[in-house]
Amino acid sequence: MDEDPTHSQLDVTVLGDVSREVTYTSGSGNDNRKRNVTMWTKKRSLAVPVHVEETLTGLVRVIKKVKPHSPQVKDWRPEIQLMGRVSDETSLFIQLYGWFWSGDFVCIAMEYCPLGDLAACFSEPLSEVVTWGMCSQLLQGLARLHEMAITHRDIKPQNILVVTKDPLWVKIADFGISKQALDGETDLRTPRAGTEGFMAPEILGLTSNARKESKYTSAVDIWSLGCLLHYALTKESPFPKYQTLADHCRDLVPYPEAALTRRGISLSGRLFIKKLLVLEPTDRPAASVDLMSKWTVTETAHRLDLD
């Protein structure tokens with residue numbers, strides 16, 4: 001990646017729970033630049049190591065603290081670089097505002113979504129109509145990432161943030177373990193990455209190709225999307241544990257389609273999700289909004305969703 005993370009570094013001084021940020025805007029007359037000072041105050045923690053900051057004028061942002069060179073974070077720069085690359089896609093991805101140092105920590109300033117993530121925002125399963133719309137948005141985002149040779153590697157409910165509930169508008173967040181393929185390469189060879197219950201079988205070494213070659217592609221995001229859709233419609237992951245997925249790969253445990261049937265999900269919807277959850281990565285479809293034509297939400301299903 002050629003992007004230099006220093007281009008997005010903010011001029012911030014941290015004083016306890018208050019952050020003093022200095023910015024410059026164009027001035028008038030002989031003064032070419034006007035110096036502005038903004039005071040951000042820590043309001044509440046969302047989850048370690050993430051908290052919310054707010055100004056007296058009501059501006060809000062999220063701060064994610066990263067400890068460089070820790071066992072969990074070998075390099076903090078790729079996350080900032082990748083977020084910078086997708087910053088123009090404001091409707092699809094959580095926006096990066098910049099980063100700054102606070103002692104030994106790197107603090108990443110990002111867009112705040114008060115409704116939280118998909119898991120926290122909705123206590124009940126989503127309707128098929130609403131899930132269809134969400135899937136269309138996520139496929140648009142994944143298609144854009146994959147066009148840029150970026151694989152997210154951790155698509156899950158906690159990384160899908162809700163901007164509005166009605167109509168549902170979501171954004172893809174957290175590029176902490178995302179990976180960009182090197183020029184001329186499409187395969188990823190880094191160690192296991194992702195979250196149990198949403199991780200593709202090839203990442204876990206459960207497919208024949210993965211065992212032979214120890215590599216995988218952006219098809220892992222398609223698998224995770226399939227798991228996410230199943231979760232959105234049932235509030236359950238189809239393969240919540242490693243052993244369940246391992247048994248499925250050995251044809252010992254079937255895909256739990258009955259959970260979708262009980263929810264009244266249409267045949268085309270069930271087939272659509274199963275197509276994303278094909279064990280062989282090369283048989284999974286590429287991310288494209290055009291895929292949505294394979295999932296037909298009938299008028300009957302729409303009426304059931306309204307009941």
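The structure described here is a predicted model. R61 is part of strand 5, which covers residues 60–66. The side chain of R61 is placed over the face of W40, at 3.9 Å from the centre of the ring. Between R61 and H51 there are 8.7 Å in space, C-alpha to C-alpha, and the two are 10 residues apart in sequence.

R33 lies over the face of Y24, with a value of 4.0 Å from the ring centre.

## Aromatic pairs

How many aromatic pairs does the model contain? The count is six. One of them is formed by F198 and Y231, whose ring centres are 6.3 Å apart and whose planes meet at 70 degrees. Planes over 60 degrees apart count as edge-to-face, and therefore the pair of F198 and Y231 is edge-to-face. This pair links distant parts of the chain, since its members are 33 residues apart. F198 belongs to the loop between strand 11 (179–180) and helix 4 (208–213), whereas Y231 belongs to helix 5 (residues 219–234). Are these two residues buried or exposed? F198 has a relative accessibility of 10% and so counts as buried. Y231 has a relative accessible area of 13% and is buried as well.

Another pair consists of F239 and Y255. The centres of these rings are 6.3 Å apart and the planes stand at 55 degrees, so the pair is tilted. F239 is in the loop between helix 5 and helix 6 (242–249), and Y255 is in the loop between helix 6 and helix 7 (258–262). The two residues are 16 residues apart, and their pair links distant parts of the chain. Both F239 and Y255 are buried. Together with W223, they form one aromatic cluster.

## Cysteines

A disulfide is a covalent bond between the sulfur atoms of two cysteines. How many disulfides are found in this model? The count is zero. Two cysteines may still be described by their accessibility. C107 has a relative accessibility of 3% and therefore counts as buried. C249, at 19%, also counts as buried, because the limit for a buried residue is a value under 20%.

## The packing of helix 3 and helix 5

Two packed helices are described by the angle between their axes and the distance between the axes. For helix 3 (residues 128–147) and helix 5, the angle is about 160 degrees and the axes are 11 Å apart. Angles over 145 degrees count as roughly antiparallel, so helix 3 is roughly antiparallel to helix 5. The crossing of helix 3 past helix 5 is right-handed.

## Backbone features in the loops

Most residues other than glycine have a negative phi, and most peptide bonds are trans. The peptide bond between D166 and P167 is cis, with omega at about 0 degrees. P167 is located in the loop between strand 9 (160–165) and strand 10 (168–172).

Which residues other than glycine have a positive phi near 65 degrees? A149 is one of them, and D251 is another. A149 is in the loop between helix 3 and strand 8 (150–151). With a relative accessibility of 32%, A149 counts as partly exposed. D251 is in the loop between helix 6 and helix 7. At 70% relative accessibility, D251 counts as exposed, because values over 50% belong to that class.

K179 is a residue of strand 11. Its relative accessible area is 29%, so K179 is partly exposed. Along the chain, K179 and A149 are 30 residues apart, while their C-alpha atoms are separated by 8.3 Å.

P78 also has a stated separation from K179. The C-alpha atoms of P78 and K179 are separated by 8.0 Å, although the two are 101 residues apart along the chain. P78 is in helix 1, which spans residues 77–85. Its relative accessibility of 25% means that P78 counts as partly exposed.

Methods: Residues are numbered from 1 along each chain as its sequence is written. This is a predicted model: local features need pLDDT of at least 70, side-chain atom pairs count only at pLDDT 80 or more; totals for chains, interfaces and linings use all residues. Side-chain values use heavy atoms; hydrogens and water are left out. Rings of Phe, Tyr and Trp (its six-membered ring) pair if their centres lie within 6.5 Å; planes under 30 degrees apart count as stacked, over 60 as edge-to-face and the rest as tilted. Helices (H or I, at least four residues) and strands (E, at least two) are DSSP runs, numbered from the N terminus. Buried means under 20% relative accessible area, exposed over 50%, partly exposed in between (1.4 Å probe, protein chains only). A charge sits over a ring if NZ of Lys or CZ of Arg is within 6 Å of the ring centre and within 35 degrees of the ring normal. A disulfide is a pair of cysteine sulfur atoms within 2.5 Å. Axes are lines fitted to C-alpha atoms, for helices over the stretch in contact, and angles run from 0 to 180 degrees between N-to-C directions. Angles under 35 degrees count as roughly parallel, over 145 as roughly antiparallel, 65 to 115 as roughly perpendicular and the rest as oblique. A crossing is left-handed if the near helix is turned anticlockwise from the far one by less than a right angle, and right-handed if clockwise.
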